[in-house]
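Open the model in your viewer and keep the sequence panel beside it. We will go from stop to stop, and at each one you will hear what to select and what is there.

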Amino acid sequence: MDSGRKADIPVIRPRASDKNQHIHEQVAVQSLDLSKVIRLLEDPLTANLKERHLFVLKKLLKRCQLGFLLRELTGITKILNICAEKGTDHPEYVPFLCQALQICRLPFLKEKTSDELSYAQDVVEFISHMGCLMRMSNAEVRQQTLESVKCFYSCVASKQLIDGTDRLSKPKPRTLPSGNQFSRLSPRLQPTSPGYRLQLLERSDLAQTLLLSLAALENQPAIKLQLLQTLQILSSSSDMNCALIVNAQGAETICLHMNEPDPFGQVLFRSSEILWNLLETGSREVTAQLSSMECVISLKEAFLHMLMIGSRDSDLQLRNDLLVITTLIAENPRSLLIESLFAKQLVVLATFPELKGYSPLVCNLKLSYNNEDLKMKKLLLNLLVLMSKDFAALQLYKEEQVMLALLVLVQPPAPSSVSLEWTSAQREELQLQALATVCTLAPLMLDDYMSHQGNATLLLLLDHCVARDAFFGQGHGSHNTRDRGSTKAQMRHCIRALRSVLSLGVESVNQDFCDRGTINQFLGILMQMEASPDEEDAATLKIKLDIQLILSAVCENDMHRKELFGSDGVEMTIHFLKKGCDKFYSGLGHNKLVLSTVDCVRSCIVGCYTTEDYFLAKNGACLLLDLLSSSPRCVHCTVLANLLELCDNPNTASHILSWRDAGGQTAPRFLLQLWRDEEEELKVSRNLHGAIADPQRPILRPYQQEDPQQSFPANIQSTAVLELSENLRIKIFFIISKLGFQELPGLSKKDYVTLSIIRRYLDFKVGEVWNEIRRELDQDCVRPTTPDEEALSAICKVSEGTARRVAAEQSSILQQWEKEDIVEEELLYTEIKSRWKQRELMAESWDSYVSKTSNYEILKEIKAKREKNIVSSRPKSKHQEAAVHPKEHFVGQVMSVERTGAQGPAGVKVTLARAPLKVADRDGAGATSQDPEYFSTVSVND
């Protein structure tokens, strides 16, 4: 046995100069047989040999004092587990465990680079078993285990990560291991990379094991605090660790133990930090765990404890952190805040100090009115919004007069009052938060809102904002952080709160609003903002948008309010319509402002003839058409709906027909082009000229043809009916019907083809509905009675026959169009031929002139011919004049063209302006006359 053991040990020759150095190297290289050590510890024959066990274990620790080898971690794990079991009854093994855990703080050692990958699973199991040492009751072992885990992060984490972000105390900086201690390593051994253990720790069960050991540390508060620090480090460093903790019900466990006795005063803080880390990574699962009755009660106790005794900034911050955690729990609809009575206490606290109640919670409560108290107040107001989804919470709000407290916060400060509580900046913050809360709660608590004069309070605040000139900056706080001292933020939230109430359409609320003269007031505010020299921003656009929507809501169904809207309101809408859609895609909200302006036209103008006439006199219909031509497709439906409602006024048609776009296109032609674009978007079957391609489906979309018909219940509209609201065709049909189908200006032949379809659109739609009914009956295997079947067939045939007649009409229009094109082409060729003939005659005249001036013989001939012409021009007898009739040429220009009705060129009369031109023959006869002739009409036959 000895010879075999010696064979496994490499021979290292000592240096004479340093015998101690030789001993260290030999110990570092020699390898104990861990299997024999394990057998020594487990063998029943040697299980009681404690002295020998401790000797071997001490020798093992001495050899591994620089770190554990990766390839030996499996054996080390088993040895630690055996010693942990023996240490329960035999404390002599505890020092070995503590020293081994101290060695675990050092990096593992590798012999080859590939060892990190090869022994990764061994490392995972080793780290998992380290956590299992927490089951020992010995405090020193538990402390060393936690210290070792925290040392894993010492090489890669900051001091705040190791020691925790402790606002209460500042522990001494940790002394990191020096790199010189690895100088004694054999050259073939290297420490693993710093992040190696952390990566494998995430794959282990260490986080779960440490969490489960929390319940066993009630009697060891110092160890419990260290455990919470370790869990804080684990949860803040890795999402995977957080997931492992949450899977082990970590949020619930931490919450249930955070109110236990704590002599150090840090358990609650550490617990809240761990909950924060868990909420940041998996909020849904964590809030679900914290929503149980036990956890809510635990949070309530912790919050009320910090509320009553907290005085330091750290205590107030911890109180607010617990309130934020409660806020996240309130977002869960299954939370038990109301059942645990925590919600009632939070509501009472939210109304303090605006309402002086008799609740024991607030009787002795005193606020410092610092920034932390301000944060708590804002968090409580935010909680009111979150809990308002529960009807039971609304009943609680009514009992505690929450709406009254909010309106007290919303009221503008009195001019001479000096607040001894909140500063002006803090009060503005709370005012903004209260306005946001009113915006949510007022529609849900409308009776309380009206009983406490909510409209009057908000309008009083609005007057205060306008009086201070709210258009030159932003407000205080998180709602607006630029340009302190302005009231634009208050104005924006005030108008938004009014919009949330008035948009409900409750007549009593709207009447109370209008009785205060607010329509003209809002119009004045809107135009004052437009006149401001400041550049428009998103907040300003939202204010304008909300004002227009408020006006639309209160004027929509009341004729008297539309009259109050009057000329000032028309001027406002005209002003915004003239802006057009140039900034539609700016991203600031101009697109919403365009739509709200169009909605103002529909709700505040259409329906009141006096306001409509003034709107038309200001070219409102033409501006709507301008908007329609320049806006994207998503706006067309709304604009066309407004135009259609305006067409009920008899004066609208003339304004529409007189409109022209930038290219001179008329309104009917533009609407017909919109129809064609819409059918192209819907992919309706049409031929190259826009005519009907399939008489059986003249207006059907492809998906209606391919999709199998379904049987719809009587209370659900069918596809053919729903299709009317999805596209623009029905609106274009009714607008053109109002204008009339005859004598529409500026139409082309293609427009007439489209117009023939539009004229029969309603007939086609009726036929489509009847065909749909027929298909549904066939699908449901329902056979109509014979008379009904005959009537149904006749109706379907009539619809198809109408489509065929329209197709024939379109063919006739196209044929006439082709004929006119042919005639125009022939006239063009005739004019071209005349021009070329004119050029030839002019060329001959020029040649004659040149030859006359350059050749004397020719000049003599021309002179003789001229004399002969003079003689011949004298009066002669009729038979002489008939005998001598010289050939005449002329240069002509086409002046007008008339059609006689005959086929071909013979049916065209051309009026020419001509000048006679007599050109010399090839034999020299002839002369040119410069006397012009006047217009004459000739027939072109060739």
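What follows is a short tour that starts with the whole chain and then moves to single places.

**Before you start**

This is a predicted model, in which local features need pLDDT of at least 70 and side-chain atom pairs count only at pLDDT 80 or more, while totals for chains, interfaces and linings use all residues. Residues are numbered from 1 along each chain as its sequence is written, and side-chain values use heavy atoms, with hydrogens and water left out.

**The whole chain**

Show the chain as a cartoon: it has 46 helices and five strands. Helices (H or I, at least four residues) and strands (E, at least two) are DSSP runs, numbered from the N terminus. Of the 942 residues, 46% count as buried. Here buried means under 20% relative accessible area, exposed means over 50%, and partly exposed lies in between (1.4 Å probe, protein chains only). Switch to a surface view, and you are looking at about 48700 Å², with carbon and sulfur atoms supplying 52% of it. These areas come from the Shrake-Rupley method with a 1.4 Å probe, and for residues only the protein chains shown count as cover. Contacts here mean heavy atoms within 4.5 Å. Among contacts with a separation of 6 or more, 73% are between residues 24 or more positions apart.

**Stop 1**

Select Thr46, in the loop between helix H3 (34-42) and helix H4 (50-63). Thr46 is buried, with a relative accessible area of 16%. Leaving aside neighbours within four places in sequence, Thr46 is in contact with Arg39, Leu40 and His53. Now step to Glu51 in helix H4. Is Glu51 buried or exposed? Glu51 is exposed, at 72% relative accessible area.

**Stop 2: salt bridges**

The structure holds 37 salt bridges, each a side-chain nitrogen of Lys or Arg within 4 Å of a carboxyl oxygen of Asp or Glu. Pick Arg63 and Glu72, whose side chains meet in one at 3.0 Å, N to O. Arg63 counts as buried at 12% relative accessibility, and Glu72 is buried at 4%.

Next, select Lys378 and Glu429, a salt bridge with the closest N and O atoms 2.8 Å apart. This pair links distant parts of the chain, with Lys378 in helix H22 (residues 371-387) and Glu429 in helix H25 (residues 424-441), 51 residues apart. Both Lys378 and Glu429 are buried. For a network of salt bridges, show Glu530, Glu536, Lys544 and Lys579 together.

**Stop 3: two backbone details**

Go to Phe352 and Pro353, which are joined by a cis peptide bond with omega of about 5°. Pro353 lies in the loop between helix H20 (342-350) and helix H21 (360-363). Then look at Asn619, in the loop between H34 and H35. Its phi is near 65°, a positive value in a residue other than glycine. Asn619 is partly exposed, with a relative accessible area of 41%.

**Stop 4: helix H35**

Select residues 620-630, helix H35, where eight of eleven residues are buried. Among them are Cys622, Leu625 and Leu628. What covers these buried residues? The cover includes helix H32 (559-579), helix H33 (590-605), helix H34 (609-617), helix H36 (633-646), helix H37 (652-657) and helix H38 (667-682).

**Stop 5: helix H43**

Colour residues 761-779, helix H43, and find Trp770 there. Trp770 is partly exposed at 32% relative accessible area. Together with Leu762, Val766 and Ile773, Trp770 makes a nonpolar surface patch of about 310 Å². Patches are made of residues with over 30% relative accessible area and no salt bridge, joining like charges within 9 Å and nonpolar side chains (Val, Leu, Ile, Met, Phe, Trp, Tyr) within 5 Å.

Phe764 is found in helix H43 too, but Phe764 is buried, at 2% relative accessible area. Not counting residues up to four places away in sequence, Phe764 touches Ile692, Pro698, Ile699, Ile757, Thr802, Ala803 and Val806.

**Last stop: a negative patch**

Finish with Glu818, Asp821, Glu824, Glu825 and Glu826, which form a negative surface patch. Lys and Arg count as positive and Asp and Glu as negative, with His and the chain ends not counted. Each charge is placed at NZ of Lys, CZ of Arg, CG of Asp or CD of Glu. Asp821 is found in helix H44 (residues 786-854) and counts as partly exposed at 37% relative accessibility.
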